[in-house]
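Dear colleague,

My notes on it follow directly after.

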Amino acid sequence: MASLEDKFEESKKLGLQIVRESEDDRLMTLSIGPQHPGSGHFRFTIKVDGDYIVYCDPDPGYVHRGEEKMCEYRNFIQNIPHLERPVIHDSTNITYSYSLAVEEIVGIEVPRRGQYIRALASELNRQVYTLYWLAIYGIFLGHSTMFMWPTGDRELFIDLLEALTGARVTHAYNIPGGVRNDMPEGFKDRAIRQVRYFEKRLKEYEDIFYNMPLFRQRTEQVGVLTKEDAVKLGVTGSVVRASGIPYDIRKAEPYDIYNELDFKVQYMKTGDSFARSYVPFLDMKESCHIIEQLLDKMPQSGEVRAKLQPNPKGPAGEVYRRVESGRGALGFHIVSDGTPKPYRVKMSVGSFRNMLALPFLLVGQRLADMPAIYWSLNYWPVEADR
Amino acid sequence: MATYPQNYRFGEFIGSILWLVFWILIIVTLVGLPLIFIVLFYVPLPPIGDQVLTPYLFLTMVVDPSRTIPIIQQQMTTDLFRVAMFPGFTYAALIAAATIFIERKFLAKMQLRVGPLYAGKIEGIFQLLADGLKLIAKEIIVPSGADKPIFWAAPIAFVAVSAAVVTLIPVAPGWVVADTDVGLLAVFAILGFFPLIALLFSWASNSKYPFIGGLRALHQMIAFEIPFILSALSVVILSGTLNLTGVVEAQLQSYWFIFFVPISAFVFYISSLAELERIPFDLPEAESEIVAGWLTETSGMIYGLLQLGSYIKTYALAALFVVFFLGGWAGPQIFPPEFQTPLINVGPLYDPVAANATFWFTLKTFGMIMLFLLPRGISPRIRIDILLHTGWYKLIVLSFINMFVALALIYGGILGPGGLLVR
């Protein structure tokens, strides 16, 4: 098997060499996206030799919205609603990381109940995202039931989040200093009931989707990312955990109350598409466990939000805080010049780092494995473009 | 929200309908009736029973519709009726329509959805009609650089070839369009056209994704053609005939062949799925890989025709399974020997044996169609190398096993003429 560097050099040569196709070309250039049903808001050009992919050139940037620049024209609070747009299915985790960073700049302490509710919302939203991701993975493999079931069960958590935050998808729930509002009456019982039901459904998922022989044939030993390559490429989240590295920000750099919780970092050693699709599933199981713990350990009453001045500002300086999102490490680097508006905001997202592995994994694989590898990388094109 | 014009008057609406009825009556009386009379005068018509069909007899039919029964009875014996109506195209198309409806609702129930719900009020039964009207209304876009004659001809050829398979299927004793002695060979000869049509159409589309899809269709259908034929061969050995009616009669005399050659039935089922390009074998149309495969450049009614053809093909292959392995029309007699209807007696048109046979045949065919639909709910798409491996290595070996079983049954004196299990 060719090493990562060799593959890179080889594909670079190939990309420069063939500029346009002629009739007697052995290679065929295919444009996957942005209007291809198997790409999302993203385009990558591949060259195929028969059924094998010999070259892949990712071309992100179709949904670049300048989120980072937009942050410089708004104050710290106004930034929240537009910052969650890159991944509306995982919006709480984006604002979580941003709020942590702003809290450090402004210098406020979040009340304990606020910290718990925030972590709860984050875990619920992680479930929503992972289910949506799993649904798309199903449709990429041509499994329509695998699309419908997670999409339907996603409603469980969307309903909970709606009761908690008032919005179904874009919550804008985390704000610097805590969360916007307290939990509603009877939320705990409802949440526990729905999570218990979901745990039963997860068993069915395992039996019907993951133990299906055809699913395993499609994904096992496909697009293997070794431990060393995973470290070299700097992938994150479920992709790095699938390659045998138990790295989770929640465990490695615990934020808020995550060091008080009892949970395991789920990882697999094979590093193939199956592992990359199975680790998020294990994460969902673990998240159910975490949600139950959070609901149990939560202080029964108290403030959920620290008092904040109307237009908060802190001293000049810079800060970097990150959280574990559905796609891996999601960090915010904020530079403040002492005014209520940030001087510079930099989002570091897991999607972009995972996308870098795509060309190396696709080269040498079959065309039919392209969707199985591409979506297993836990890549969200809109987030990568920011 | 209902929208209607501001100056809407109910009286005007009724008036316009009355106006329309008036004009229709005038035109029918002054133009339509004379035309019918001219036709009836100059076209020689066959005698119905003991009387000749005259314009005067025709006029009495308008008053007493029960007098049309002998004409219908006479028409039902013609070839045109068989090709166009009962064992032929209309019957197949109706089953295809029912298949689409069942597929939608059945799949929806598997996936915890409701399926089509609005068109036609009751469970969306008119969804297909709405889809058809939509497809007819859409523009047909022909890609630039396409090979136009083939691009237009391929969808029509697809439906025609599907319908050609239907002509060979015996639905009830005596009810078959083409009762040839080489029926089973003819089936596979006709099915051999499909990869050719797919490849021609994909080449004519002048686009990359259809081309890859067409090549995949070719690979897949050729890989599965041989196990397909070999699995049917054990049926030929058991029944001793290539005539499809003969195959059914051989099963009527003993037992259904699925009890003797279950592995062949399984191979036939898997090969049918591959032939139909249904999930998990829908590689030629793999959406996430090659957009829509060889159907990428289709639009409007070209797409509609290809879908119609593929659903008629589904019926044809399900019916072939029933003929080969499930005893065709075999089943207990549940229809009464005769019945009468008030007002217009359709009793003379009623044949208890044919009705019973059709009932059981249709029931079994729908059972098979459900089995063809089932994998779509539980399975992802498989990869081309696994598919070819399955086709060339596993299924061919499996079908040979049952061929030897069939030979043993014949030479062991269990089946065949004068066998132990022959009634």
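Two strands are said to pair if DSSP finds at least two bridges between them; helices (H or I, at least four residues) and strands (E, at least two) are DSSP runs, numbered from the N terminus. This is a predicted model, in which local features need pLDDT of at least 70 and side-chain atom pairs count only at pLDDT 80 or more, while totals for chains, interfaces and linings use all residues. Residues are numbered from 1 along each chain as its sequence is written, and chains are lettered from A and ligands numbered from 1 in the order in which they are written.

In E3(A), A:Ile53 is the bridge partner of A:Val48. Strand E2 (residues 43-49) of chain A runs antiparallel to E3(A), and seven bridges join them. Chain A has an open, antiparallel sheet of three strands, ordered E1-E2-E3. Its edge strands, E1 and strand E3 (52-59) of chain A, each pair on one side only.

Turning to the helices, the axes of H6(A) and helix H7 (residues 187-210) of chain A come within 11 Å and cross at roughly 165 degrees (axes are lines fitted to C-alpha atoms, for helices over the stretch in contact, and angles run from 0 to 180 degrees between N-to-C directions). H6(A) is therefore roughly antiparallel to H7(A), a term for angles over 145 degrees.

Lastly, 27 residues of chain A are in contact (C-beta atoms, placed from the backbone, within 7 Å) with 24 residues of chain B. H6(A) gives the most to the side of chain A that touches chain B, with five residues.

Yours sincerely

Note on methods. Contact = placed C-beta atoms within 7 Å. Parallel < 35°, antiparallel > 145°, perpendicular 65-115°, else oblique.
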